[in-house]
Amino acid sequence: MTLLELKGITKKYSQADQYAVNDVSFEVEKGEILSLVGESGSGKTTLLRLIAGLEHPDAGYISLKGHKVVEGKKSVPANKRNVGMVFQDYALFPHLTLLENVMFGLKGKIPDPDKVAKETLSLVGLSENFKKYPHQLSGGQQQRVALARAIAPSPAILLMDEPFSNLDSVLKDQVREEIRQIIKKTGVTAIFVTHDTRDALSTADRIAILHKGYLQQIDTPRNLYEYPVNGYVANFFGKRNEILAVSTDDGFYSSFGFLPDERSKLFSDQVRLSFRPENATVGKDETQPMSGKLVKSTYFGDHQLLKIMDEEGRYINIRSNAGHIYEKESVVFFTIDKFNVEDA
Ligand code: ADP
Ligand code: MG
């Protein structure tokens, strides 16, 4: 079931000369976790604020649970949209205990706010800290209080802006997993903004990528990574190699050698082959069809990255296991296991 629908959402701030969000349309299913990714300034926060009702779009509509919450001049105010928000800095009330923080939005709205607040704090794993104040908690715990406060009123949708950005990287891996499990346990539909592709790839069911206010692609993490619709999306999710080649009857001929492939029949002339460093395999001998000169190997503990150059000085990066020591300037043979082809 579609829970949230955005259609042609467009927003320009009055002082700005560029659109912050431009003709963005997508749908979110009930129970889904969607991540909004993009560089700084790409429009992520604006989009989240438009959904929350904290900004008004210049064009387009948003519907939540089948009802239009904004269209034209009409707009359901933020506090009536049944939206839960977690802000980047958590925005907890410092002078209130955890329990009071979570109860804040419940009082006068439901019969038993105390009970619901306690249950929600237990759900996020903070059942023993009801009486503590925010400053007595770690960053990860504060984050969970903010989450409890947002989900306690049973919102239709949970919106989180950069929820992991204040956590150090060791803590982050753990918190990401915890947050995902809590969200899935409650069944709440969630959208979280991040500029970190690792957050998005590991935590989201689907990812929407924004660039200069435009939606580039919305898809599962695997599809975005493996089948990016354009170069921008491909490069956003990590290193990517590009080789120019000529299409022949049974493969592609490039400056690194010949690569047999059925798809060559579909292309008539110059093509661009693109692949990620982990999609090529380095071999010991000449049974591998492609080769180049090793310029540099960079050791990362669990793998090494080999920089390999053709005769014209163009290079590619291939990921290889860390065990083998390669001699610099030696010839390295390899195959490309998986790659995309497009007209050059
Ligand atoms: P992100 O969250 O992806 O970093 P934002 O949505 O904050 O991006 O910003 C998108 C664009 O809108 C940027 O160019 C930013 O400078 C501009 N912008 C954001 N908020 C305002 C505002 N209140 N007034 C004017 N311009 C703004
Ligand atoms: Mg932002």
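How many salt bridges are counted between domain 1 and domain 2? The count is 1 salt bridge, meaning a side-chain nitrogen of Lys or Arg within 4 Å of a carboxyl oxygen of Asp or Glu. K338 forms a salt bridge with E226, with the closest N and O atoms 3.3 Å apart.

This is a predicted model, in which local features need pLDDT of at least 70 and side-chain atom pairs count only at pLDDT 80 or more, while totals for chains, interfaces and linings use all residues. Residues are numbered from 1 along each chain as its sequence is written, and side-chain values use heavy atoms, without hydrogens and water.

Now step back to the domains. Domain 1 covers 2-236 and domain 2 covers 241-343; the bounds come from an automatic or database domain assignment. The contact (heavy atoms within 4.5 Å) takes 4 residues from domain 1 and 4 residues from domain 2. About 420 Å² is buried between the two domains. Buried area is the accessible area (1.4 Å probe) that two parts lose on being put together, summed over both. Carbon and sulfur atoms give 25% of it. Y225, E226 and A234 supply 81% of what domain 1 buries against domain 2.

Next, look at a sheet. It is open, with 5 strands in the order β2-β1-β4-β5-β6 and antiparallel pairing. Strands are DSSP runs (E, at least two residues), numbered from the N terminus, and two strands pair if DSSP finds at least two bridges between them. The edge strands are β2 (21-29) and β6 (74-75). Strand β1 (residues 2-11) is joined to β4 (residues 59-64) by 5 bridges. T10 has A59 in β4 as its bridge partner.

Definitions and conventions: Chains are lettered from A and ligands numbered from 1 in the order in which they are written. Helices (H or I, at least four residues) and strands (E, at least two) are DSSP runs, numbered from the N terminus.
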